[in-house]
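Let's take a walk through this structure, starting with its open spaces and ending at one of its helices. Have the model in view as you read.

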Amino acid sequence: GAVRDFVLGVVLMGGRGEVLRFGGQVMKNVAGYDVSRLLAGSMGTLGVILDVSLKVLPKPFAENSLRFTMTEAEAIRRLNQWAGQPLPISASAWHDGMLTVRLSGAQAAVKAAQQKMGGEQMAEADEFWRALREQSADFFGPDDGGANCLWRLSVPSVTPPMELPGMQLIEWGGAQRWLKTDENATTIRAAVEKSGGHASLFRGGDKSVGVFHPLAPPVAKIHRNLKAAFDPSGVFNPGRMYVDL
């Protein structure tokens, strides 16, 4: 899952040299602002993380990965359909006409889900998911077609196929889409913003266009206020995310 969803608590050194504690070490400790999750993805711009408490889960008793030959549109539709059902889906990926879904949980639940969903059982599934997680899969390597930029698109899971040039790989039930392309940043971000999402320049390309999606004025104000509260002198990673932060 997403890192922020597994952070229970943190100990942070702020810009004034103070040691600040947020969250706790167990699940039921909701109090005040959820700063612990806020720090996930902050790129060290708010302080130095001294200690982290993480939620962990037991390894599932059974896992099985299924493959389906289908178009991008059909894959998005099926993933959202399955998401609304009690199926033990723990990962999904679509690329080049092939949808791969991983089932994890109790043996009976995995077996029942496989019978309901169909598909072909995948061999060497562990290596497939490891390569996807570590971005060592062929998709993330040098592109023979000449595309130099890798974008990470975060959109609502029901967003239909995005008509953008290049190659795409879809994860997280349709909500995270990787795009390899040389299309300009303005076109990409306009298309993603129209869908209610945002686009980050993950690798390659001209960083002067901004690695992270431009913030709407109200959100930018929140970012500036947070930065001022945690790091008033701007000593932690200035400009790491946005030039004025």
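A pocket here is an open set of grid points with protein on both sides within 12 Å along at least five of seven lines, and its lining residues have an atom within 4 Å of a point. Keep in mind that this is a predicted model.

With that in hand, look at the second largest pocket. Its lining is made of 29 residues, and Gly1, Ser90, Ala91, Arg102 and Trp129 sit nearest its centre. The space inside comes to about 1100 Å³. Which helix gives the most to this lining? That's helix 4, with five residues. By class, the lining has 13 nonpolar, nine polar and seven charged residues.

Now move over to the largest pocket, which holds about 1500 Å³ of space. Here 38 residues form the lining, with Ala40, Gly41, Arg152, His198 and Phe212 nearest the centre. Among the elements that each supply at least two lining residues are strand 8, strand 10 and strand 11.

The buried ones in helix 5 are Ala185, Ile188, Arg189 and Val192. Viewed down the helix axis, they fall within an arc of 90°, so they line one face of helix 5. Turned away from that buried side are the exposed Thr186 and Lys194.

Finally, check the ends. Asparagine 184 caps the N-terminal end of helix 5, with a side-chain oxygen 3.2 Å from the backbone nitrogen of threonine 186. Just after the helix, glycine 196 has a positive phi of about 85°.

Notes: Residues are numbered from 1 along each chain as its sequence is written. This is a predicted model: local features need pLDDT of at least 70, side-chain atom pairs count only at pLDDT 80 or more; totals for chains, interfaces and linings use all residues. Side-chain values use heavy atoms; hydrogens and water are left out. On a 1 Å grid over the protein atoms alone, a cavity is a set of points where a 1.4 Å probe fits but cannot get out, and a pocket is an open set with protein on both sides within 12 Å along at least five of seven lines; lining residues have an atom within 4 Å of a point. Grid points are joined across faces, edges and corners, and a volume is the space filled by probe spheres set on the points. Helices (H or I, at least four residues) and strands (E, at least two) are DSSP runs, numbered from the N terminus. Ala, Val, Leu, Ile, Met, Phe, Trp, Tyr, Cys and Pro count as nonpolar, Asp, Glu, Lys and Arg as charged, and the others, Gly among them, as polar. Buried means under 20% relative accessible area, exposed over 50%, partly exposed in between (1.4 Å probe, protein chains only). The arc is that of the directions from the helix axis to the C-beta atoms. A polar contact is a pair of N or O atoms within 3.5 Å; within protein, one must be able to donate a hydrogen and the other to accept it, and residues adjacent in sequence count only if both atoms are side-chain atoms.
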